[in-house]
Amino acid sequence: MKQRTSKIVLVGFMGTGKSTVSRLLAEQLGWSRYDSDEVIVEREGTISSLFETLGEAGFRDIESKVLASLLEAEESSVIATGGGCVLMEQNREAMLKHGFVVALTANAEHIIDRVKSDTSRPLLQGDIAANVHRIMEQRKNAYDFAHLRLDTTSLTPHEAAEAILKALREK
Ligand SMILES: Nc1ncnc2c1ncn2[C@@H]1O[C@H](COP(=O)(O)OP(=O)(O)O)[C@@H](O)[C@H]1O
Ligand SMILES: O=C(O)C1=C[C@@H](OP(=O)(O)O)[C@@H](O)[C@H](O)C1
Ligand SMILES: [Mg+2]
């Protein structure tokens, strides 16, 4: 059966701009917009408290269920995922099945600059620069499965959204 709805799914490392760009894309397209982290926070509490009480594995289980519910909804939407959402194969498969998957990238220095004053990402707390470098290395191929890859290092969020819309129009 042909799908009646469309979804754009944004993946990428922390600080590549998924949450920000998803807002602009949804606005431009007149589609709904969801951010898996925001849905989790509304339903379950802050990301930091979930990492503390359930550990990363417990957080990933919730994230996977939230992602599945967003992907299966009968409406066109832009979905921003959390940077670690791609680590589970079932999540990658579901994203590819239901949506057009866009991987945002940026170089480590820009990422560090973007996230350094934000305490909401438990995996980066402490030595933020060292943590960004370490986790980026661990995940160096994790975003390769996407349909499209966009380097946002020297783009504004508006330029990133425009580039995605252009790629969609040319698809
Ligand atoms: N292209 C960009 N250029 C400069 N700053 C950006 C860009 N995209 C996002 N930001 C900023 O970086 C921070 C992290 O962005 P966010 O959208 O939360 O990233 P993600 O959801 O991928 O972790 C925010 O303060 C945001 O305003
Ligand atoms: O990369 C990760 O493992 C995470 C990324 C975060 O989302 P953003 O990528 O939107 O920062 C959030 O889901 C959580 O802190 C874990
Ligand atoms: Mg985000």
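**Reading the ligand shells and helix contacts**

Author: Let's start with ligand 1: α1, α5 (108-115) and α7 each supply at least two residues of the shell around it. Helices here are DSSP runs (H or I, at least four residues), numbered from the N terminus. This is a predicted model, where local features need pLDDT of at least 70, side-chain atom pairs count only at pLDDT 80 or more, and totals for chains, interfaces and linings use all residues. Residues are numbered from 1 along each chain as its sequence is written, while chains are lettered from A and ligands numbered from 1 in the order in which they are written.

Reader: What pLDDT does the protein average?

Author: pLDDT is the predictor's confidence in each residue, from 0 to 100. Where it is low, the predicted coordinates should not be read in detail. Here the protein averages 97, and 98% of the residues score at least 70. For the complex, the predictor gives an ipTM of 0.99 and a pTM of 0.98.

Reader: Which helix gives the most to the shell around ligand 1?

Author: A residue counts as near a molecule if its C-beta atom, placed from the backbone, lies within 6 Å of it. For ligand 1, α1 gives the most, with three residues. The shell has 16 residues, and the closest are Gly17, Lys18, Ser19, Thr20 and Arg114.

Reader: And how do the residues of that shell divide by class?

Author: Ala, Val, Leu, Ile, Met, Phe, Trp, Tyr, Cys and Pro count as nonpolar, Asp, Glu, Lys and Arg as charged, and the others, Gly among them, as polar. Around ligand 1 there are six nonpolar, eight polar and two charged residues. The shell around ligand 2 has four nonpolar, four polar and three charged; among its residues are Lys18, Asp37 and Arg121.

Reader: At what angle do the axes of α3 and α4 cross?

Author: Axes are lines fitted to C-alpha atoms, for helices over the stretch in contact, and angles run from 0 to 180 degrees between N-to-C directions. Angles under 35 degrees count as roughly parallel, over 145 as roughly antiparallel, 65 to 115 as roughly perpendicular and the rest as oblique. The axes of α3 (residues 47-72) and α4 (residues 89-98) come within 10 Å and cross at roughly 10°, so the two are roughly parallel.

Reader: What about α1 and α7: how do their axes cross?

Author: The axes of α1 (residues 18-29) and α7 (residues 157-170) come within 9 Å and cross at roughly 55°, which means α1 is oblique to α7. Their contact has eight nonpolar, three polar and no charged residues.
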